[in-house]
Amino acid sequence: MRVGLFITCFNDTLFPGVGKATVAVLERLGVEVDFPAAQTCCGQMHFNSGYRAACVPLVRHFADVFAGYEAVVTPSASCAAMVRHHHGTVDPDVTVPPVYELTEFLVDVLGVIDVGAYFPHTVALHRTCHSLRLLRIGDRPDRLLSAVDGLELVELRAPAECCGFGGTFSVKNCDTSVAMGNDKVEDVLGTGAEVLASADTSCLMHLGGLLSRRGSPVRTMHLAEILAATR
Amino acid sequence: MSTPTFLGMPPFPSTAREALKDGQLRANLGRATATIRDKRLRAIGELPDWEALRETGAAIKDDVLARLPELLLQLEANVTRAGGTVHWARDAADANRIVADIVKRHEATEVVKVKSMATQEIELNAALEDEGIDVWETDLAELIVQLGHDLPSHILVPAIHRNRTEIRDIFLREMAAAGRPAPVDLTDEPAALAEAARLHLREKFLRARVAVSGGNFAVADTGTIVVLESEGNGRMCLTLPEVLVTVLGIEKLVPTWADLEVFLQLLPRSSTAERMNPYTSMWTGVTPGDGPQEFHLVLLDNGRTGTLADPVGRQALRCIRCSACLNVCPVYARTGGRAYGSAYPGPIGAILTPQLRGINQHRVDEQTASLPFASSLCGACFDACPVRIDIPEVLVHLRAKVVEQQHGHLGERALMAAAGATFARPGRLAAAERFGGALLGGARRLRLRGPGWVHAWFGARDLTPPARESFRTWWRKRVH
């Protein structure tokens with residue numbers, strides 16, 4: 001099977017390791033990965049911030065770039081949700097390609113739970129709002145992580161609660177964003193986890209920034225990076 | 001008694017910052033919302049057809065909104081036929097004048113009130129006080145807010161920001177000036193506080209000649225008004241005084257009596273997490289010899305027609321004021337309701353208030369413009385809403401209006417334009433990535449100092465720097 005990888009502008013620029021890990025997992029499972037180099041951004045920041053006009057060319061560009069792919073895979077629940085739920089709102093004439101968040105693609109399309117990973121660490125999962133409430137990916141990340149050799153998965157006290165990132169909310173309402181983030185960080189620290197994992201690096205950048213400011217040794221990792229790890 | 005007002009409050013980020021400093025407020029709110037959240041989940045979990053009920057509730061309300069003129073005229077005809085008088089109020093000033101005139105015509109100097117969001121919205125209490133009329137809130141939490149010279153912070157539990165010790169102090173300090181004083185040995189036991197309120201209110205119920213209420217529902221095909229409450233204070237106000245004035249938003253209609261079946265399941269389970277609320281009062285006009293002998297229904301527009309004009313935003317008018325969205329909102333749980341600067345706080349307030357204040361028709365003030373941004377778009381509110389209002393969808397829709405109205409500082413507009421231009425061409429994005437990577441790629445983490453958005457991020461957080469080598473560069477090297 002051949003898929004188009006939508007890396008997202010965020011991961012491309014800030015977290016290229018997540019893209020490399022996504023490629024590693026997919027190729028290990030026999031998927032042929034293609035990276036259309038003309039891709040840029042799904043337009044989520046513009047859309048969610050009210051810059052609707054600026055969003056239109058990005059949405060059209062996305063459709064052009066990924067036209068013809070049987071499936072598009074992305075290591076971002078948030079950007080997958082943007083394409084799936086909002087590209088048609090921004091431009092009703094655009095043909096929205098089938099975009100899967102990575103765990104959806106692994107579990108639903110490939111039917112794989114055990115991806116052959118080895119990661120001997122205690123991991124807390126931040127479920128991310130867009131995973132839960134826009135994509136409804138449910139326990140797919142849990143199932144994938146639970147099948148990882150050596151991994152111990154611990155549950156947060158308030159697993160469904162927002163971390164407070166929220167895109168430009170994180171700066172427009174920075175005090176509230178930080179208050180929410182610090183509560184999430186306390187929750188994570190309370191579990192004793194070594195690693196905080198999530199399907200979105202945007203949440204992790206926010207939470208990682210708070211952890212880093214505290215000098216905490218807890219690492220933030222995208223799910224793909226854990227699933228790519230082997231002996 | 002002087003009534004504070006939401007008017008003139010600063011934009012949400014400032015009020016939120018102040019509220020976040022109040023550790024007592026956050027503790028009170030966190031505890032209260034967590035409790036009611038869990039209870040609500042249990043209450044709705046009992047109903048196997050909860051999702052179908054939500055869809056039905058939304059469909060009935062959408063039908064009402066589509067046929068509003070016809071249904072309002074039907075309601076007016078049926079209320080009038082049953083001996084009531086219907087008044088039409090275009091805005092808050094209209095409605096307040098109508099109510100004040102009724103009270104003055106009866107030479108009454110005071111009114112007792114049933115908890116009502118519509119009268120909060122139009123700030124009726126302040127308007128009546130300006131006319132020399134004493135207004136007594138009789139809902140326990142509204143009483144606490146009123147005695148505390150405070151503003152409500154929750155639709156259902158207006159004093160949610162207060163704990164019982166604070167309430168005891170307010171009662172001891174303030175009750176005497178408003179009527180029967182609190183017992184000097186008042187404790188902060190809930191039963192003792194309730195008893196003090198009961199005794200304080202009882203003399204007002206028995207004395208007042210005019211009552212003012214809102215309404216949860218109005219049934220068009222019978223002319224019946226419905227009020228749901230928990231304390232029995234509503235039943236007192238709705239039955240004892242000679243004159244009853246009900247202020248009702250025009251969207252509060254249901255077409256038929258049978259439609260109540262849906263909402264009387266949706267509302268209690270969503271609001272108080274009860275299968276059924278303790279008191280449901282229903283009345284149709286005037287019944288000779290029983291209850292108020294004069295009934296006035298004030299139908300309030302106050303921005304609702306303007307809200308109805310927007311195809312996306314109008315779903316906010318489905319709201320049945322249950323406050324489930326407040327209780328699940330992580331922003332509300334930390335800032336409290338007063339930060340929203342409106343009678344309608346929380347997620348529903350963030351989409352309803354700007355529309356009632358005319359955002360669909362004209363440029364709004366800065367405080368109003370800040371409300372659609374008071375959300376991380378986490379979506380918990382949509383999941384909780386019993387009438388399926390897609391609050392995040394409306395928030396984003398209203399943000400676009402705010403941007404169109406040229407709110408927001410120039411820096412943000414420039415940044416968005418620059419980002420748009422960069423994303424328009426893959427070559428530009430690649431160049432930006434190379435530039436950022438070369439400049440900052442060596443750092444393990446960024447910690448910057450600066451004004452505005454720089455401080456907004458870096459005040460409490462570090463930042464991941466751009467990678468030395470972007471993914472697309474890595475991919476190109478890998479393939480070739």
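Reader: Against which strands and helices of chain B do the buried residues of H10(B) pack?

Author: The buried residues of H10(B) pack against strand E2 (110-113), strand E3 (134-137), helix H8 (140-147), helix H9 (164-178) and helix H11 (233-239) of chain B. Two residues are in contact if their C-beta atoms, placed from the backbone, lie within 7 Å. Helices (H or I, at least four residues) and strands (E, at least two) are DSSP runs, numbered from the N terminus. This is a predicted model, in which local features need pLDDT of at least 70 and side-chain atom pairs count only at pLDDT 80 or more, while totals for chains, interfaces and linings use all residues. Residues are numbered from 1 along each chain as its sequence is written, and chains are lettered from A and ligands numbered from 1 in the order in which they are written.

Reader: Which residues of H10(B) are buried?

Author: A residue is buried if 20 or more other C-beta atoms lie within 10 Å of its own, exposed if 12 or fewer, and partly exposed in between, with C-beta atoms placed from the backbone. In H10(B) the buried residues are Leu193(B), Ala196(B), Ala197(B), His200(B), Leu201(B), Lys204(B) and Phe205(B).

Reader: Where does H10(B) bend?

Author: The bend at a residue is the angle between axes fitted to the seven residues ending there and the seven starting there. H10(B) bends by about 25 degrees at Leu201(B).

Reader: Is Val312(B) buried or partly exposed?

Author: Val312(B) counts as partly exposed because it has 16 C-beta neighbours inside 10 Å. Val312(B) is found in the loop between helix H13 (304-308) and helix H14 (324-328) of chain B. Leaving aside neighbours within four places in sequence, Val312(B) is in contact with Glu393(B), Val394(B) and His397(B).

Reader: Which class does Ser323(B) fall into, buried or exposed?

Author: Ser323(B) lies in the loop between H13 and H14 of chain B and counts as buried, with 29 C-beta neighbours inside 10 Å. Although Ser323(B) is not a glycine, its phi is positive, at about 75 degrees.

Reader: What is the phi of Glu123(B)?

Author: The phi of Glu123(B) is positive, about 55 degrees, although this residue is not a glycine. Glu123(B) sits in the loop between helix H6 (117-121) and helix H7 (124-130) of chain B. Glu123(B) is partly exposed, with 17 other C-beta atoms within 10 Å.
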